[in-house]
Amino acid sequence: MTEQATSEAPACGLEETASESAHVPPTGPSGDTAAPQAPGGKQAPGGERASEPQESAPQPPDPAASAAPADPTATDPALPREDVPSAPLLLAVEDVSDSSVTVSWEPPESLGRLGLQGYVLELRREGALDWVPVNVRPMMVTQLTVRNLAVGDKFFVRVAAVSSAGAGPPAVLEQLVHIQETIEAPKIRVPRHLRQTYIRQVGESINLQIPFQGNPKPQVLWTHNGHALDSQRVSVRTGDQDSILFIRSAQRSDSGCYELTVQLKGLEAKAAVNILVIEKPGAPSSIRLLDVWSCSAALEWTPPQDTGNTELLGYTVQKADEKTGQWFTVLERYHPTTCTVSDLIVGNSYSFRVFSENLCGLSASAAVTKELAHIVKTDIVAKPKSFVERDFSEAPSFTQPLADHTSTPGYSTQLSCSVRASPKPKIIWMKNKMDIQGNPKYRALSEQGVCTLEIRKPSPFDSGVYTCKAINVLGEASVDCRLEVKASATH
């Protein structure tokens, strides 16, 4: 069975003798063959010119090679037909690159009575008459790669099976093999940070580096909003693998869509990069003090005419006291165009200003109110509610009556009770219904409605019924108790 592999044969001339063709050339481990050379040192299709013909090192004679004819594909007509193999089958081109070609075939139906020694592959340049062998010595492979070819080479291919009796009829590839440059479809790889809008400020530089692929080197074209670039402002440098667009000092007119087109032999790839050049916004067009009340002031302003080529992030509102002149921020990134400023100090006068803000920051100037907001102290008039005085007048009533009491002669004793009345009542103490006021033996006290009668060193004569009477304009009340002074026992 014939081995299927790639093989390499040396470059050789067409006028080599039979003994020279029997020499075994060195082959690389890949088995690829270099393109053969034509007579006069000229390489066969795709080969390079040799400055001087190289002589092969002398090799020991090979009996099998010495028996072979000078032309491996030449068949001796005197030999019986059954001694040589038939033509290989299914000769086809497997792969063609910009510097090599790979062909394959199947073994012949008849290998001949003497057996198969290998195959010889030959090339013939378009317009030439001579076939140049790729491998001088037959090789037992059914696939062969010829390398070191040049772009533009055109040639025919044939292969013949060889036995010890000679070469059989060759199998010729009908179509012409053309070595063309390999085309790699163009492809653009946009960096991640350029896949969204690329924002720069006025005066900053713009440097876009866009990698691309393509072989051979493709044509690269840049456009700005569908028009050619302004060479006075934009410079482009294109290499083998990337294209760089550079603007030294960006202006707002440089904003827009920059499209990169890579073209290669009817194929093209496109990529767009959106650039936005921005700057600080202008101040609000006008500001007006709408109203002032209590400790608050209402303001209104109009948006700026120039937003800096981008949307606004809001407004910053500040206030300043006329006395100090220092500005303090009241609101930041405030979106409406009206606001109310509260917590103003009574007696002060305030001015207000408003800044616009975008990605670049606050506007260089602000809109300032022309008039001051005077926080005036208003007169406060007390309006007391009508008060209905409650009448606390009350006739006397005892909340704590007198209690019966027993005392010892010679020891002072007290009688107490509690009375409630309004207006304050007059208190009268009596003993056995007799008024005892003015009697030095008794002392009457009245404080916070508590009435007390002190009897100094009582004697049995002081025993009796004591009465406390309270009298005011609304009435009177009285309470009684019995005092008993026991005489001391005699021994």
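How many bridges join strand S15 to strand S19? Select residues 206–215 for strand S15 and residues 242–247 for strand S19: six bridges join these strands, which run antiparallel. Strands here are DSSP runs of E with at least two residues, while helices are runs of H or I with at least four, and both are numbered from the N terminus. Two strands count as paired if DSSP finds at least two bridges between them.

A word on the model before we move on. It is predicted, so local features need pLDDT of at least 70 and side-chain atom pairs count only at pLDDT 80 or more, whereas totals for chains, interfaces and linings use all residues. Residues are numbered from 1 along each chain as its sequence is written, and side-chain values use heavy atoms, with hydrogens and water left out.

**Stop 1**

Now widen the selection to the open sheet, whose four strands come in the order S13-S15-S19-S18 with antiparallel pairing. At the edges are strand S13 (184–188) and strand S18 (234–238), each of which pairs on one side only. From one strand to the next, the twist averages 20°; the axes are lines fitted to C-alpha atoms, and angles between N-to-C directions run from 0 to 180 degrees.

**Stop 1: another sheet**

Next, find the open sheet of four strands with the order S31-S33-S37-S36, again with antiparallel pairing. Strand S31 (394–400) and strand S36 (442–447) are its edges; each has a single partner strand, so one side of each lacks a neighbour in the sheet. On average, neighbouring strands in this sheet are turned by 25° against each other, direction ignored. Six bridges connect S36 with strand S37 (residues 450–455), and the two run antiparallel. Click Ala444 and look across to Leu453 in S37, which stands opposite.

**Stop 2: the nonpolar cores**

Show the side chains of Val101, Leu121, Phe155 and Val157: they have the most contacts inside the largest nonpolar core, which has 22 residues. Such a core is a set of buried Ala, Val, Leu, Ile, Met, Phe, Trp, Tyr and Cys residues joined through side-chain atoms within 4.5 Å. Buried means under 20% relative accessible area, exposed over 50%, and partly exposed in between (1.4 Å probe, protein chains only). At least two residues of this core come from each of strand S5 (101–106), strand S6 (116–125), strand S8 (143–147) and strand S9 (154–163). Another core lies apart from it, with 21 residues, including Leu194, Ile206, Trp222 and Ala250.

**Stop 3: one serine**

Go to Ser163 in strand S9. Is Ser163 buried or exposed? Ser163 is buried, because its relative accessible area is 3%. Leaving out residues up to four places away in sequence, Ser163 touches Asp83, Val84, Pro85, Gly115 and Gln117, where a contact means heavy atoms within 4.5 Å.

**Stop 4: cysteines**

The whole structure has zero disulfides.

**Last stop: the whole chain**

Zoom out. The protein chain has two helices and 39 strands, and 38% of its 491 residues count as buried.

Conventions:
Disulfide = S-S within 2.5 Å.
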